[in-house]
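Me: I have a chain on screen and some questions about it. Take them one at a time, please.

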Amino acid sequence: MLLENLKLLVKAGSDALMETCGMPVDDVSINQVRQGQITFPGVAKLKFQNGTLESVRVGGDTMLCGHLAEHGPEGESKPGIQKLAETFLALVLDGMEGRYPRGGIENLDVGPRAVHTRGTRTFGVKFRTSIGQLFVLAEVPSRLEYEQAKGSEYLAGMLSTYLPSSWASRETIDSTGVIDSFLVLLRKVEGDINVEMVQETGGREERNGILIEQCSFGKVRALRVNLNLEHGPASLLNAGDRVCAFVGIADRAVEMELEYLGAEAYPVAGGGTLDTALFSLPGELRIGQRRRAFRIDLLNSLPVEVEAVDVNADVSVWFANSKGSSERSGQMIDLSFSGARIIGNPGEFVGEFPKGAMVRCRVYFPDEPSPVSVLGMVRRRDTKLVDRQTYQDEIGIEFAISPEADRDALEKIRQYVLKEQRSVLARRTQGAGAL
């Protein structure tokens with residue numbers, strides 16, 4: 001679904017420029033945009049329903065927008081910018097997968113816009129013409145995310161098809177056949193792969209990618225992952241380097257050790273390519289819990305305020321970042337002795353708190369007269385599609401509580417988790433008795 005949507009966007013952008021003002025595209029580039037806030041040269045925002053894309057932004061540089069403003073389509077009373085947006089919309093709808101997809105122009109307003117981007121699945125496409133550049137920015141959901149937003153049992157079906165029933169209870173899997181099946185599943189669901197690299201300085205660098213395909217690299221079978229490994233003037237990896245890759249499936253974390261083989265540009269459409277890294281196939285899968293401490297889903301979410309203690313904003317690979325460090329409000333939806341998951345509106349958390357940032361959380365427990373304040377580190381952040389039209393931010397916090405300074409806060413959290421566990425067990429016992 002990822003490649004199909006990227007091909008659709010490239011074709012729609014090229015055809016829209018030709019139909020609107022007769023401008024052939026000289027060059028197309030496709031970029032995976034980093035997570036955070038970027039400045040986008042907006043022209044139009046398009047919204048879709050019942051399709052595999054939720055929204056797409058269209059923008060243009062000064063030269064292109066000026067040309068469209070002065071030279072509208074011949075015989076048309078509409079401005080050239082509006083005609084371009086309408087043509088692009090019609091072309092995307094014509095080729096989009098889904099059940100009777102529909103769409104419209106949510107706004108038409110030329111000028112720079114601050115845009116929140118999810119990262120990993122945020123793609124920017126640039127179309128260079130002799131007059132100027134057209135920009136397209138889209139959030140492309142994975143097949144798994146798309147199916148889950150529809151409320152389907154897609155993941156359960158894929159797991160039963162490709163993995164043995166006992167896979168989740170194993171600590172390791174070294175069967176070549178099962179590993180191959182797992183990789184097929186990972187490619188089909190378009191799951192995230194988190195690649196962790198140890199640097200010469202002893203620090204760790206993480207990049208997220210998507211498995212595109214299994215392929216050959218020379219005489220070796222390889223995994224092709226959509227992953228940009230550029231770091232300043234050099235690559236983060238050299239051929240032969242070993243990395244750890246992590247994949248989250250249901251409530252399990254699958255760890256693989258891979259060898260980096262090299263990088264290749266992968267053709268998509270219209271001359272546009274994706275940056276991809278090639279890795280060896282794993283010889284073993286290590287299965288573990290996604291969390292170090294047992295975590296419960298809260299019966300009722302808890303209001304929480306999150307404030308940065310030390311924020312270092314991400315640097316976008318596409319446009320310059322803007323940053324902020326203000327307090328954000330959200331809802332805590334699960335909790336353990338060692339951490340929590342917090343949700344909020346798109347842009348509420350992901351654009352503000354980078355992975356690894358220290359934050360102060362004020363949690364409003366129902367029986368406490370004042371909020372419980374705890375220090376934590378952002379271990380995970382994402383923006384997820386929760387239904388066909390709605391995204392939400394999620395951040396995973398690992399508490400960094402000093403027993404001496406925050407003993408009272410730690411005890412209140414522990415008691416609340418135990419209280420919630422007792423409540424869940426009581427309901428299960430009552431339900432069993434009713435049967």
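**Confidence and overall make-up**

Reply: This is a predicted model. The mean pLDDT of the chain is 80, and 83% of its residues reach 70 or more.

Me: What percentage of the residues in the chain are buried?
Reply: The chain holds 7 helices and 22 strands. Among contacts between residues at least 6 apart in sequence, 69% join residues at least 24 apart. Of the 435 residues, the buried share is 48%.

Me: Which residue follows H1?
Reply: Helix H1 covers residues 2-21, 20 residues in total. From first C-alpha to last it reaches 29 Å, close to the expected 28 Å. The residue after H1 has a positive phi, near 65 degrees. That residue is Gly-22.

Me: Is Asn-5 buried or exposed?
Reply: Asn-5 sits in helix H1. Neighbours within four places aside, Asn-5 is in contact with Thr-52, Leu-53 and Val-140. Its relative accessible area is 3%. The cut-off for burial is under 20%, so Asn-5 is buried.

Me: Which residues lie closest to the centre of the second largest pocket?
Reply: The second largest pocket has a volume of about 320 Å³. Its lining counts 18 residues. The closest to the centre are Lys-45, Ser-55, Arg-57, His-116 and Glu-139.

Me: Which elements give two or more residues to the lining of the second largest pocket?
Reply: The elements that qualify are strands. Their ranges are 36-51, 55-60, 98-117 and 133-139. In that order, they are S2, S3, S4 and S6.

Me: How many charged residues are in the lining of the second largest pocket?
Reply: Sort the lining by class. Nonpolar residues number 7. Polar residues number 5. The count of charged residues is 6.

Key
Residues numbered from 1 in each chain as written. Predicted model: local features only at pLDDT ≥ 70, side-chain atom pairs only at ≥ 80, totals over all residues. Heavy atoms only, no water. Helix = DSSP H or I, 4+ residues; strand = E, 2+ residues; numbered from the N terminus. Expected span 1.5 Å × (residues − 1). 1 Å grid on protein atoms, 1.4 Å probe; cavity = no way out; pocket = protein on both sides within 12 Å on 5 of 7 lines; lining within 4 Å. Points joined across faces, edges and corners; volume = space filled by probe spheres on them. Nonpolar A, V, L, I, M, F, W, Y, C, P; charged D, E, K, R; others polar. pLDDT = per-residue confidence, 0-100. Buried < 20%, exposed > 50% of the residue type's maximum accessible area, 1.4 Å probe, protein only. Contact = heavy atoms within 4.5 Å.
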